[in-house]
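Welcome! Below is a protein model for you to explore. Keep it in view while you read, and look up each part as we come to it.

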Amino acid sequence: MRVIIVTPAVPHPFGDTAARWFYVLITELLARGHDVVSVAVTEETDERVSEAKTWLSQDALSHASGRLILHCHRLQIDSGTLRRKWQNLVRPRSEMLQDSALTRLLQRELAKGYDVLHLEQMSTGWFGLDVPRALLNVHFFDVIDWAEKDNMGLSERKALWQARRATRHLLRGIPNVRLLTPRLKEMAESISPNSHYWVVPLALDTSLYELQTLAREPVVGLIGSMHWEPSRSAAERLITRIWPLVKQGFPEARLYIAGWNASKYLQKYRGRPDLEVAENLAHPSDFFSKTAVMVYAPSRGSGMKVKVMEAMAYGVPVVTTWEGVEGIAYENGRECWVGESDDDLAGKVCRLLTNSAERQQMRDAARRLIEKVYSPGPVVDKMMSVYRQLIAAPGPVPHVTL
């Protein structure tokens, strides 16, 4: 099988949230003997791109029997302001489609033959219109995440309007869609009820996540990309509402918050007692090795949360809300604690901090869940089933144009 995978970031086992899944998917397909053409559209640093190439080349040489072609393409934004605005008005959020060099690159790869065109995230979806065997993969919906946000500025309102338009256009234009959770599927069906939908979760390569030693210090933590609204709202809720309640019940506890752009977005909270903010860590284990309990309570945020899955993989007990474990087949009190109110969440944190035996039980159960259900083998099995259904589907094959 030859699969062309278009991603909005380079595949990297410790890159951003989505990049970790891209890496798992590509390396597992290669290990199964399939050929993969990875078209990674990136604005990331040269260092990050170089790291991704190294990881993929190491894996391709040592484990894989399939062949990898990797294109790391620097996104070229149209320099004509008026033309760009007009194109985005006609096709909202179509910056990638406006990159003529990228379009030609993808056309060349499609012309060589392929079995599935796998498009990751909505930003790549414009490449799938009228292309046979195109599969749009949706991780979250902005129209859910932003729907109840208060006090939005003009630019935010415009961004939400564009997101709604793009979502409607792409879901109605691409008949085959993979989503991470049933909630996302319900939203997609409300927009385009006649399309074909599959729910397939994310996966982590658990071989890259060493189970951390049970933390002895009472450190409560949160890690996430703070430029993403759900992570930022979770951090602010933890600092301002949950943390004071934890301190009442466990005065010696300390708070540790880390992630991309943490200093920028959480600057106003610096200087608070018992709070440490760390930005852009070299490796996630730098955070998880110090943390006794992770608390993730976003106000709104659709899709699966890799940070929660990673905490489970590393063996750090999680206290979260339903939004935080969307798409994860948990049992409350076994793999994690799930609550909604500030009092409930703070109470569960204090309970775990005072009971090392319960923390040990929960971390073992959570690690087993990730290995059994959300590791590369079972998840890519499901993706392969989707691919086979796409390939076997009857119907005319239209001419491919981009």
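In helix α13, the buried residues are E358, R359, M362, R363, A365, A366, R367, L369 and I370. Here, buried means under 20% relative accessible area, exposed means over 50%, and partly exposed lies in between, using a 1.4 Å probe and protein chains only. The helices and strands named in this report are DSSP runs (H or I, at least four residues, for helices; E, at least two, for strands), numbered from the N terminus. An α-helix has 3.6 residues a turn, so residues three or four places apart point the same way.

What covers these buried residues? The cover includes β11 (293-296), α11 (306-314), β12 (318-320), β13 (337-338) and α12 (342-354). Contact means heavy atoms within 4.5 Å. At the start of α13, a side-chain oxygen of N355 comes to within 3.2 Å of the backbone nitrogen of A357. A polar contact is a pair of N or O atoms within 3.5 Å; within protein, one must be able to donate a hydrogen and the other to accept it, and residues adjacent in sequence count only if both atoms are side-chain atoms.

The expected span of a helix is 1.5 Å times one less than its number of residues. For the 18 residues of α13 (residues 356-373) this gives 26 Å, and the end C-alpha atoms are 26 Å apart, which agrees.

Residues are numbered from 1 along each chain as its sequence is written, and side-chain values use heavy atoms, with hydrogens and water left out.

The pLDDT is the predictor's confidence in each residue, from 0 to 100. The protein has a mean pLDDT of 91, and 96% of its residues reach 70 or more. Over residues 396-402, however, the pLDDT is below 50, and this stretch has 16 contacts in the model beyond near neighbours in sequence. Where pLDDT is low, the predicted coordinates should not be read in detail.

T7 belongs to strand β1 (residues 2-7). Is T7 buried or exposed? With 0% relative accessibility, T7 counts as buried. The side chain of T7 reaches the backbone oxygen of A9 at 2.7 Å. Setting aside residues up to four places away in sequence, T7 touches F22, V39, A40, V41, E120 and T124.

V37 sits in strand β2 (residues 35-42) and is buried, with a relative accessible area of 1%. Beyond its neighbours within four places in sequence, V37 has contacts that include R2, V3, I69 and E109.

## Salt bridges

How many salt bridges are there in the whole structure? A search finds 22. A salt bridge is a side-chain nitrogen of Lys or Arg within 4 Å of a carboxyl oxygen of Asp or Glu. One of them joins R20 and E310 (2.1 Å, N to O). This pair links distant parts of the chain, with R20 in helix α1 (residues 17-31) and E310 in helix α11, 290 residues apart. Both R20 and E310 are buried.

Another salt bridge joins D342 and R237 (2.8 Å, N to O). D342 lies in helix α12 and R237 in helix α8 (residues 229-249), so the pair ties together parts 105 residues apart in sequence. E358 is buried, at 12% relative accessible area, whereas R351 is partly exposed at 40%. R2, E109 and K112 form a network of salt bridges.

## Cysteines

A disulfide is a covalent bond between the sulfur atoms of two cysteines. Counting pairs of cysteine sulfur atoms within 2.5 Å, the model has zero disulfides. C336 is buried at 0% relative accessibility, while C72 is partly exposed at 25%.

Conventions:
Predicted model: local features only at pLDDT ≥ 70, side-chain atom pairs only at ≥ 80, totals over all residues.
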